[in-house]
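Take a look at the model below. We will start with a group of rings and then widen the view to the chain.

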Amino acid sequence: MRLQSLIEEGLIDTVVRQLMSGKEATVFVVRCGGETLCAKVYKEATQRSFRQAVDYTENRKVKNTRQARAMAKGTRFGRQAQEAAWQSAEVDALYRLAAAGVRVPRPINFHDGVLLMELVADENGDAAPRLNDMAFTPEQARAHHATLLMEVVRMLCAGVVHGDLSEFNILLGAGGPVIIDLPQAVDAAGNNHAGRMLLRDVANLRAFFGRFAPQLLQTEHGHEIWELYQRGVLRPDVVLTGLFEHKAGEVDLGGVMREIDDARAEEVARRLRVL
């Protein structure tokens, strides 16, 4: 029904087919004039397998004070406002990252819970596959890993951490990897969990590409990137080494337990996606 409203508004002409169904949205291939696009239809909160964890929504601002009060109280209107804020977070992140030169789909419009954006295509003009559906040579794995690390750096320089980056939300387009699915993106400076999420994103990339190029499993790019960011010297053209010397100190047991819980949740989500 929400796609029908886009047709009535003249934003799209026809719906071609369903492209994929994920944990927070269903994506369709649509036509608008002579252009093929994709329309991301967000699922209702009760239908999503990905929940709006407090870690992700921490420090997200709502300009409307009435909405902010309602969200804090958890009223029906507040829940609706929170849902709208969750959806618009991806739209805001896409525009912000596209302007910073990050490899993300070009956003076109957002209407009635539907995000209209560029369709990422492969060399044949077909919808690009996700990384988890691909196999790579060691050379290809190292090249794509290096490319994505620089995209993570560009994102962080723009003040954004993806928060859920893995082989399941990266497409292999004609020009290389493209990062998708950003409703859980967090503000790097305003979210206390941003550093932990950045480390997890980079660790996911290392684990996936390490299947094809095992030497990558010995790298420490996540800690290196975050340390440069904290020092205020991270730049989009930084040369990373993958080396990092950990300082000895007290163990953050709470942080360790959170990492374990996150890893368990990610594994459960991964198995559901595979099924």
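**An aromatic cluster**

Phe 136, Phe 208, Phe 209 and Phe 212 form one aromatic cluster. Rings of Phe, Tyr and Trp (its six-membered ring) pair if their centres lie within 6.5 Å; planes under 30 degrees apart count as stacked, over 60 as edge-to-face and the rest as tilted. By this rule there are seven aromatic pairs. The ring centres of Phe 136 and Phe 208 are 6.3 Å apart and their planes stand at 85 degrees, so this pair is edge-to-face. Phe 136 sits in the loop between β5 (114-118) and α5, while Phe 208 sits in helix α6 (residues 194-210), so the pair ties together parts that are 72 residues apart in sequence. Helices (H or I, at least four residues) and strands (E, at least two) are DSSP runs, numbered from the N terminus.

Phe 136 also pairs with Phe 209. That pair is tilted, with 6.1 Å centre to centre and 45 degrees between the planes. Phe 209 is in helix α6 and Phe 136 in the loop between β5 and α5, so here the parts tied together are 73 residues apart in sequence.

A word on the source. This is a predicted model: local features need pLDDT of at least 70, side-chain atom pairs count only at pLDDT 80 or more, and totals for chains, interfaces and linings use all residues. Residues are numbered from 1 along each chain as its sequence is written, and side-chain values use heavy atoms, with hydrogens and water left out.

Buried means under 20% relative accessible area, exposed over 50%, partly exposed in between (1.4 Å probe, protein chains only). Phe 136 has a relative accessible area of 10%. For Phe 209 the value is 0%, so Phe 209 is buried.

Glu 151 lies in helix α5 (residues 138-157). At 4% relative accessibility, Glu 151 counts as buried. What does Glu 151 touch? Leaving out residues up to four places away in sequence, Glu 151 touches Gly 101, Val 102, Arg 103 and Ile 179. Contact here means heavy atoms within 4.5 Å.

Finally, the protein chain. Its secondary structure comes to eight helices and nine strands. Of its 275 residues, 44% count as buried. Among contacts with a separation of 6 or more, 62% join residues 24 or more positions apart.
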